[in-house]
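Here are a few friendly notes to read alongside the structure, for anyone meeting it for the first time. Each point takes up one topic.

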Amino acid sequence: MLYLNDEHMRQLGIHWGEAVDVAEQAALLLHRRDYAQPIKPYLRYRDPVNRIIAMPAFAGERFRRPG
């Protein structure tokens with residue numbers, strides 16, 4: 001496991017304040033139940049190591065995005 005520090009964040013161009021704000025907004029939309037996150041389907045085919053795991057979701061609030 002790699003723990004990110006200030007230097008890592010700077011190299012990635014991520015600002016701590018913005019990251020914390022997005023995490024807070026995500027927690028709020030979970031609390032308000034303004035999301036859809038169905039059970040992820042697994043598609044296995046031929047060789048058992050071949051698989052596709054789909055993780056569709058929708059985030060409401062200020063995000064308003066499916067993905």
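1. R10 counts as exposed, because its relative accessibility of 58% lies over the 50% cut-off. Please keep in mind while reading that this is a predicted model.

2. Which residue does the side chain of R10 meet in a salt bridge? The partner is E7, with a distance of 3.4 Å from N to O. E7 has its place in helix 1, which covers residues 6-12. The two residues are 3 apart in helix 1, so about one helical turn separates E7 from R10. E7 itself is partly exposed, at 38% relative accessibility.

3. How many salt bridges does the structure hold? There are 3. As background, side chains of opposite charge can pair when their charged atoms come close.

4. Another of these salt bridges joins the side chains of R62 and D21, at 3.0 Å from N to O. This pair links distant parts of the chain: R62 sits in the loop between strand 4 and strand 5, D21 belongs to helix 2 (residues 16-31), and the two are 41 residues apart. R62 counts as partly exposed at 46% relative accessibility, and D21 is partly exposed too, with a relative accessible area of 26%.

5. E61 forms a salt bridge with R32, and their closest N and O atoms are 2.9 Å apart. Why does this pair tie together separate parts of the sequence? E61 lies in the loop between strand 4 and strand 5, while R32 lies in the loop between helix 2 and strand 1, so parts that are 29 residues apart in sequence are joined. As for accessibility, E61 counts as partly exposed at 24%, and R32 counts as partly exposed at 48%.

6. What joins strand 1 to strand 4? The link consists of 2 bridges, and strand 4 covers residues 58-59 and runs antiparallel to strand 1.

Notes:
Residues are numbered from 1 along each chain as its sequence is written. This is a predicted model: local features need pLDDT of at least 70, side-chain atom pairs count only at pLDDT 80 or more; totals for chains, interfaces and linings use all residues. Side-chain values use heavy atoms; hydrogens and water are left out. Two strands pair if DSSP finds at least two bridges between them. Helices (H or I, at least four residues) and strands (E, at least two) are DSSP runs, numbered from the N terminus. A salt bridge is a side-chain nitrogen of Lys or Arg within 4 Å of a carboxyl oxygen of Asp or Glu. Buried means under 20% relative accessible area, exposed over 50%, partly exposed in between (1.4 Å probe, protein chains only).
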